[in-house]
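This report is for a reader meeting the structure for the first time. Please look over the sequence and the model before reading on.

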Amino acid sequence: MGDNSKTERVATNQPHPKGTAMLNSVGLGTEYKNVTANVFIGYSAGDKILDEIRQANESVRICTPNLGFSAKITELLDNKIRNTGVKVGIVTVCSEKEKNSKEHRAALRKLLEYKGDSAVCDKLDLLVYKSRVYQEEKNSGSEYLQAHAKIYLIDNAVLYIPSANFTASGMEFNLETCTRIEKGSDANNKLIERMSALFDSLVSIENDLPAFTLEELESLLDKVDESNGE
């Protein structure tokens, strides 16, 4: 992607009946045994993730259903995307009919800003799933992904599975739990490799999963802002 085209797709916007099977093929639904990890519980759990992101040398991949960028998070993202060679990948969700928080919408706007900047758009992989599962789509047999997992993968070497969303509250203020898994043992390596494969699948434009195009997402945000008088 070398231009700032707003019609570029981050994934096709039609549901695929084999979506769940595709995700299972890269490790969903699997129990990983004998994994060694460090667990932290407290108000600064998110700081540990932010510090690890700050030290990333190659890639940062984040799956989170909620976004909300404080000045600290925005500065960190700006530095990684604009000033380093680190590739950032973010998988999140946005509802078509339910009200998304103002913070979530503002964060999505920021990510669209990066995708609209030809100088840095290649530095960010963005996939925004349509989170609402409609009854008629259920009845048709189509499968939609409800992405609620919080996963942070840094340099394909360190995996965080926390309770915290990539928000100011989750990263800086809330009491959260945080599990850190590092490459080393065979069990740890297998889990991290599978999470890396999962991210590759989620952000691939070849996957027919129910995601917004960049143009659709911007149009939705404009519509919501207008209806809210913002």
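The sections below cover strand pairing, a surface patch and salt bridges in this predicted model.

## Strand pairing

Strand 9 covers residues 176-182 and runs antiparallel to strand 1, to which 5 bridges join it. Within this pair, Val39 stands opposite Thr179 of strand 9.

Strand 9 also pairs with strand 7, residues 158-162, in the antiparallel sense and over 5 bridges. Here Val158 is the residue opposite Glu182 in strand 9.

Tyr43 sits in the loop that lies between strand 1 (38-42) and helix 2 (45-54). Tyr43 counts as exposed because its relative accessibility is 56%, and the cut-off for exposed is over 50%.

## Arg54 in helix 2

Helix 2 contains Arg54, which is partly exposed at 40% relative accessibility. The side chains of Arg54 and Asp51 meet in a salt bridge, with an N to O distance of 2.7 Å. Because Arg54 and Asp51 are 3 residues apart in helix 2, about one helical turn separates them. Asp51 is partly exposed too, with a relative accessibility of 38%.

Beyond its neighbours within four places in sequence, Arg54 is in contact with Lys72, Leu76 and Lys80. The C-alpha atoms of Arg54 and Leu77 are 8.9 Å apart, although these residues are separated by 23 places in sequence.

## Salt bridges around Arg82

The whole structure has 12 salt bridges. In one of them, Asp78 partners Arg82, and the closest N and O atoms are 3.6 Å apart. Asp78 and Arg82 are 4 residues apart in helix 3 (residues 71-83), so about one helical turn lies between them. Asp78 is partly exposed at 21% relative accessibility, and Arg82 is partly exposed at 34%.

Arg82 also forms a salt bridge with Glu113, where the closest N and O atoms are 3.6 Å apart. Because Glu113 lies in helix 4 (residues 102-115) and Arg82 in helix 3, this pair ties together parts that are 31 residues apart in sequence. Salt bridges with shared partners join Asp78, Arg82, Lys110, Glu113 and Asp117 into one network.

Notes
Residues are numbered from 1 along each chain as its sequence is written. This is a predicted model: local features need pLDDT of at least 70, side-chain atom pairs count only at pLDDT 80 or more; totals for chains, interfaces and linings use all residues. Side-chain values use heavy atoms; hydrogens and water are left out. Helices (H or I, at least four residues) and strands (E, at least two) are DSSP runs, numbered from the N terminus. Buried means under 20% relative accessible area, exposed over 50%, partly exposed in between (1.4 Å probe, protein chains only). Two strands pair if DSSP finds at least two bridges between them. Contact means heavy atoms within 4.5 Å. A salt bridge is a side-chain nitrogen of Lys or Arg within 4 Å of a carboxyl oxygen of Asp or Glu.
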